[in-house]
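Open the model in your viewer and keep the sequence panel beside it. The stops below say what to select and what to look for.

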Amino acid sequence: MASSMKSLVSDHSRYVESFRRFLDNSTEHQCMQQFMDEKLPGIIARIGDTKSEIKILSIGGGAGEIDLHILSKVQAQYPGVSINNEVVEPSAEQITKYKELVAKTSNLENIKFTWHKETSSEYQNRMMEKKELQKWDFIHMIQMLYYVKDIPATLKFFHSLLATSAKILITVVSGTSSWNKLWKKYGSHLHRDELCQYVTSSDLMQMLDKMGIKYECYDLLSTIDISDCFIDGNENGDLLWDFLTETCNFSTTAPPDLKAEIMKDLQEPEFSVKKEGKVLFNNSLSFIVVEA
């Protein structure tokens, strides 16, 4: 293993840029919006019954695009009802973007926003020190459980915060996605941050089953266009390589035989489909709805 290979997460600015390229080249957000439009109204149908205020907790809210989409669905379900929306997000940069988005979005008058610059673990520790735990009507954890050290303990804690008829929405990559195959085959060869776990919906469902917690799981197809990864020296491709392998400057620092092997695999049908001259990596998502 080349000593110059290092974790992408530790190089924050490079990580942010590689994540942006991933969003630009994938159907991730479209997939999430499809779920919010088609499934979420039914899921939140009873969370605010007889309540004068609906309490929503966003864990890892990022820059807020998905959060505001969720909030619009809650507003449509409960017109005029006050919403208390608290956000737990460790990145100051993302919180700033979230606040800017809120400032330029209309129809948010009945929503109170509070941001906490902390990880889910820090939030958990802070809450445990209090005598009385706040109960929530809806908690969502979108693509953030990869960055939690003890996932079962985290699931158990947030499940304990659910009010009557409340739900948790968890989004992670599906066990049927190509991420699962990539991580299983190459995870031990890649330098990754200690705080980044390879976890899919299959792993989470096993944990929830073990804890006896009720849930439903919905899978939606999503893809990443990784065609640029096969063009030598392509900047977009290099940043996508970083994202796929969670390794900073993977394209230039990885052992050539490792890169060649992954490059060959990524073009195989078990990882990607070739369509209209593009190579589309299977990025399928799972939406797990946990019951109170």
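Start with α4 (65–77) and α5 (92–103): their axes come within 10 Å of each other and cross at roughly 40°. Axes here are lines fitted to C-alpha atoms, for helices over the stretch in contact, and angles run from 0 to 180 degrees between N-to-C directions. Helices (H or I, at least four residues) and strands (E, at least two) are DSSP runs, numbered from the N terminus.

Show side chains for E65, D67 and L68 in α4, which meet Y98, L101 and V102 in α5. Contact means heavy atoms within 4.5 Å. By class, this contact has 4 nonpolar, no polar and 2 charged residues. Ala, Val, Leu, Ile, Met, Phe, Trp, Tyr, Cys and Pro count as nonpolar, Asp, Glu, Lys and Arg as charged, and the others, Gly among them, as polar.

The model is predicted: local features need pLDDT of at least 70, side-chain atom pairs count only at pLDDT 80 or more, and totals for chains, interfaces and linings use all residues. Residues are numbered from 1 along each chain as its sequence is written, and side-chain values use heavy atoms, with hydrogens and water left out.

Next select helix α1 (residues 12–25) and helix α10 (residues 235–245), whose axes come within 8 Å and cross at roughly 105°. The two are therefore roughly perpendicular to each other. Residues in the contact include R14, F19 and F22 of α1 and D238, L239 and F243 of α10. The contact of α1 with α10 divides into 5 nonpolar, 3 polar and 6 charged residues.

Stay on α1 and turn to the largest pocket. Which element gives the most to its lining? The answer is α1, with 8 residues. The pocket holds about 1,400 Å³ of space. A pocket is an open set of points on a 1 Å grid over the protein atoms alone, where a 1.4 Å probe fits, with protein on both sides within 12 Å along at least five of seven lines; lining residues have an atom within 4 Å of a point. Grid points are joined across faces, edges and corners, and the volume is the space filled by probe spheres set on the points. To find the centre, select Y15, F19, Q94, Q143 and Y147, the closest to it of the 48 lining residues. The lining has 24 nonpolar, 13 polar and 11 charged residues.

Last, select the open sheet of 3 strands, ordered β8-β11-β10 with antiparallel pairing; two strands pair if DSSP finds at least two bridges between them. β8 (223–225) and β10 (272–275) are at the edges, each with a single partner strand, so one side of each has no neighbour in the sheet. β8 pairs with strand β11 (residues 278–282) over 3 bridges, and D225 stands opposite L280. β10 is joined to β11 by 4 bridges. In their hairpin, E276 takes a positive phi near 50°.

Notes: Angles under 35 degrees count as roughly parallel, over 145 as roughly antiparallel, 65 to 115 as roughly perpendicular and the rest as oblique.
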